[in-house]
Amino acid sequence: MSAPTTTAEAAPMSKRQTLEALSGLLLVLFVAMLSGTVVSTALPKIIGALNGSQTQYTWVVTATLLTATATTPIWGKLADLFNKKLLIQVAIVVFLIGSVTAGFAQSAGQLIAARAFQGIGVGGLQALVQVAIAAMIPPRERGRYNGYLGGVMALATVGGPLLGGLIVDTSWLGWRWCFFVGVPVAAVALFLLQITLNLPTVRRTNVKIDYLGASLIAAGVSVLLIWISFVDGSFAWLSWQTGAMVGGAVLLLALAVRVEARAAEPVVPPHIVRERTTALAILGSLAVGMAMFGGAVFLGQYFQIGRGYSPTEAGLLTIPMMVGVLISSIVAGRMITATGRVKPYIVFGAVVLVAGFAMLGTIDHGTSLVFVGLAMFGVGVGVGTTMQNLVLAVQNTVALRDIGAASATVAFFRSLGGTIGVSVLGAVLARRVTDRITEDLAAAGIPASAGGGSTLNLDALPEPVRQIVRAAYGDATGHIFLISAAIAVVGVVAALLLRPVTLRSSLDLPDPGRSVAVGADAVDAAPAFDEVSADPAGREERA
């Protein structure tokens, strides 16, 4: 049984106040996501300047993803127990400290440690921003604001590599500004939220935080992601290291499930995960996560290595995907607000996502850029129509007191899916590229030693070898997108199985027999829905 809850009512927020608060939330979400994408095109120079190894190269990215993924559900649960505004501010401060420390790093090891600490703040911001929006705006009205969220995520996901390329190509800035660039923006967001964000203060007595469950979840996820980072590189898929790490992760997560089922205040409430809409949204989010992270990573590499464009040019060539996310999220959000229906748009987005990946699955090193742009636009439309709306569908089925855990759970699995997708697809890409280069060198009568060293440093390779390497990367990229299309089909199935409901117009679920004060609204015993209301399980019930 949850602890008794008392809520201090906040004055209703006008549309202007909501937009002012939203501006600060979107700013901080932008810099949080930007921190993970801006380094992608700058990493070669960063690791070179710090004399780092290839393993450290990978861990500069993985460290942030690991800590952000592992801590997301913890932040979400804390949002259900403590003041949401204060938690957002704490996450911003953690992010700022990590960013500044990373910028001043003197070695690759220091940079990895700083990025891991920065990831704790990133995980909090990714979860808490959506929690705060859910506490301000009813699900029925939230659709129109999801367009802003989708636009910010698109700009950070696709614009990050472009910004990183520009920073490292500008002599008077240098790579350290890849970490410093978000600091002033986050500081401005911290100030804006202090004066504009007006959320109810939740005070709960007899609060019990499930430290054991949180530790087991973080440890299990961390071991799993560490295995994914090293498998097929440091050791084989079928090896004692794989058995030990996968077995250990499964054991830790099984213990976490057992602990969560018995905890008074579980970090990931089992009743939320067992709910049909949440379970299906998790499956759908895995596919969206792979699209959001994998698309930016592998398309950027495709344009730079497979097609020979500069980092800045590669960032510009990925703009069609950003445009697709932006337009689709805004249009779908407004239509959802107008109709109150969310499932049709999720299904549409999931289908378009598969189609976009299937188109990308046919590309090679000589494919027309127009065709590649159309395929990227399709992937962007799929991501923009599904990503935030899957979270919205879940938020519509849970009470306000569980909104943090529910939102963070979906974000957690989306981030986990993206991390796993990038790692696994990256391993597949590396294997196919190596095999293709070996075969083509032999066919051309060129000794294998001619391709020695890093195949990513194309300037150091002879012209015939350089062309073989470009063709290998360009042709192998299409194969991994075919795998992505197959996985995205799971998202279509999950979307089709979602229960069709009309989004509620109240912040909280109706509780017959009493009124619940929830900040800007007070929900009376009578359902405050437009013709259709939903019970806690999200089922339709004609009024």
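**Nonpolar patch and aromatic pairs**

Mentor: Leu-316, Ile-319, Val-323, Leu-326, Ile-327, Ile-330, Val-331, Met-335 and Phe-377 make up a nonpolar surface patch with about 670 Å² of accessible area together. Areas follow the Shrake-Rupley method with a 1.4 Å probe, and for residues only the protein chains shown count as cover. This is a predicted model, in which local features need pLDDT of at least 70, side-chain atom pairs count only at pLDDT 80 or more, and totals for chains, interfaces and linings use all residues. Residues are numbered from 1 along each chain as its sequence is written, and side-chain values use heavy atoms, leaving out hydrogens and water.

Trainee: Which helix gives the largest share of the nonpolar patch?

Mentor: Helices are DSSP runs (H or I, at least four residues), numbered from the N terminus. Leu-316 lies in helix α13 (residues 311-317). The largest share, seven residues, comes from helix α14 (residues 319-339).

Trainee: Is Phe-180 buried or exposed?

Mentor: Buried means under 20% relative accessible area, exposed over 50%, and partly exposed in between (1.4 Å probe, protein chains only). Trp-177 has 38% and is therefore partly exposed. At 15% relative accessibility, Phe-180 is buried.

Trainee: Which residues form one aromatic cluster with Phe-104?

Mentor: Rings of Phe, Tyr and Trp (its six-membered ring) pair if their centres lie within 6.5 Å; planes under 30 degrees apart count as stacked, over 60 as edge-to-face and the rest as tilted. The cluster with Phe-104 contains Trp-177 and Phe-180.

Terms used: Patches are made of residues with over 30% relative accessible area and no salt bridge: like charges are joined within 9 Å, nonpolar side chains (Val, Leu, Ile, Met, Phe, Trp, Tyr) within 5 Å. A salt bridge is a side-chain nitrogen of Lys or Arg within 4 Å of a carboxyl oxygen of Asp or Glu. Helices (H or I, at least four residues) and strands (E, at least two) are DSSP runs, numbered from the N terminus.
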